[in-house]
Amino acid sequence: MATVQDIRPRLLMGPGPSDVHPRVLAAMAHPCVGHLDGQFLAILNDIRAMLQQVFITGNPLTLAVSGTGSAGMETCVVNLIEPGDRMLVCIAGVFGQRMKDVAERAGARVATVEAPWGQVVAAGQVEQAIRRDGPFKVVGIVHAETSTGAAQPIEPISRVVHEAGSLLLVDTVTSLGGMAVDVDGWGIDACCSGTQKCLSCPPGLAPVTFSPPAEQVIASRRTKVQSWYLDMNMVRQYWGSERLYHHTAPISMCYALHEALRIVLEEGLQARWARHARVHERLKTALADLGITYLADPEHQLPMLNAVRAPAGIDEAAVRRRLLDEHDIEIGGGLGAFKGKAWRIGLMGESATDRHVDALIAAMGAILA
Ligand SMILES: *Cc1c(COP(=O)(O)O)cnc(C)c1O
């Protein structure tokens, strides 16, 4: 039988999870206490306050959903959508497609605007769709499309969405903690993220935040939220002063997120964004020397997720296997339209260092030679 003690450490440079700081791993090893123990409730209060700082928001309805990033996306959708509601979803990759699927399952009547993979959606496209097919209750979009490595500008779309009186839902699973995300400044009404990407905490929690107008929409629903587990009207009564039992909080994961957020704020958001940008440039320069090019538009490349073309005639999966087996380095393969054609190199959180870049480039150089 395998034992977890025998697991070899890797350099995690895929699309998540990213490397986890030893302080976060140590936090998870602390004794489990009860989910209504005052010591633990203090940890939850801190998590909310730190999430407000990291999301840059004053939203009172800010918490960490039990589940990974996908649960965060689902939470935002199912709480805002009632059967028959109209939702516009912007699709430029796998995660935009996922949002559409989630919205349809929640009973939304979904319209879409699409951009070619590697590009971003223009505000004008959203404006046209609203004029043609609107009004929409919610417009959903992915900030950092992890399948293509493209960074979607949010502010111009936010303006269009709010002029039309809709709510703006944004997936920041990959971007939060690695580049600017400004929930209040950008007018985001529902924002979801995950722990395992640039927050460098193991997968298992999904930070979410809702603006006061979104909170109002949730509180005045005519129908019950489609998901019992993700119903913010109930979950918030545990995170709030009522401390009403809904489901048992994942205690050790909350310890981990608490410590991970402390590390993020010790570094400072601006410094952390700058580090991701600098390390991304280092990787890009070194990849160019190997003749490897990016998939996303040059003006819209994510710092933390580098989606690149695998050189022609090379078995990209075999290269990834050798990186893992011989060098203990994990990178990701292409998703969807890019399957078999691309590598996705993550520089997220603790994995965004010069040391990671240099180790990967040395290993790739050796394998490709
Ligand atoms: C990773 C990711 C998700 C899903 O997160 P999981 O933790 O895998 O559930 C959702 N959206 C985006 C943009 C992602 O990168």
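Modeller: In helix 3, the buried residues are G69, A71, G72, M73, T75, C76, V77, V78, N79 and L80. Here "buried" means under 20% relative accessible area, "exposed" means over 50%, and "partly exposed" lies in between, with a 1.4 Å probe and protein chains only. Because 10 of the 12 residues of helix 3 are buried, this helix is largely enclosed by the rest of the structure. Helices (H or I, at least four residues) and strands (E, at least two) are DSSP runs, numbered from the N terminus.

This is a predicted model, in which local features need pLDDT of at least 70 and side-chain atom pairs count only at pLDDT 80 or more, while totals for chains, interfaces and linings use all residues. Residues are numbered from 1 along each chain as its sequence is written, and side-chain values use heavy atoms, with hydrogens and water left out.

Of its 369 residues, 56% count as buried. The radius of gyration is taken over C-alpha atoms, and the globule rule is 2.2 Å times the number of residues to the power 0.38. A compact globule of 369 residues would have a value near 21 Å, and the protein chain has 20 Å, which agrees. Its C-alpha atoms fill a box of roughly 65 × 55 × 40 Å along the principal axes. Contact means heavy atoms within 4.5 Å. Among contacts between residues at least 6 apart in sequence, 72% join residues at least 24 apart.

L51 lies in helix 2 and is buried, with a relative accessible area of 0%. Not counting residues up to four places away in sequence, L51 touches T62, L63, A64, P207 and L261. L51 and R236 are 185 residues apart in sequence and 15 Å apart in space, C-alpha to C-alpha.

Loops can hold buried residues as well. T172, in the loop between strand 8 (167-171) and strand 9 (190-192), counts as buried at 0% relative accessibility. Leaving aside neighbours within four places in sequence, T172 is in contact with F55, H143, V181, C191, C192 and S193.

Most residues other than glycine have a negative phi, and most peptide bonds are trans. I56, in the loop between helix 2 (38-55) and strand 2 (61-66), has a positive phi near 55° and is partly exposed, with a relative accessible area of 31%. S200 also has a positive phi near 55°; this residue lies in the loop between strand 9 and strand 10 (205-210) and is buried, with a relative accessible area of 2%.

Cis peptide bonds occur in loops too. One joins G16 and P17, with omega about 0°, and P17 lies in the loop between strand 1 (11-12) and helix 1 (22-28). Another runs from G134 to P135, with omega near 0°, and P135 is found in the loop between helix 5 (123-133) and strand 5 (138-142).
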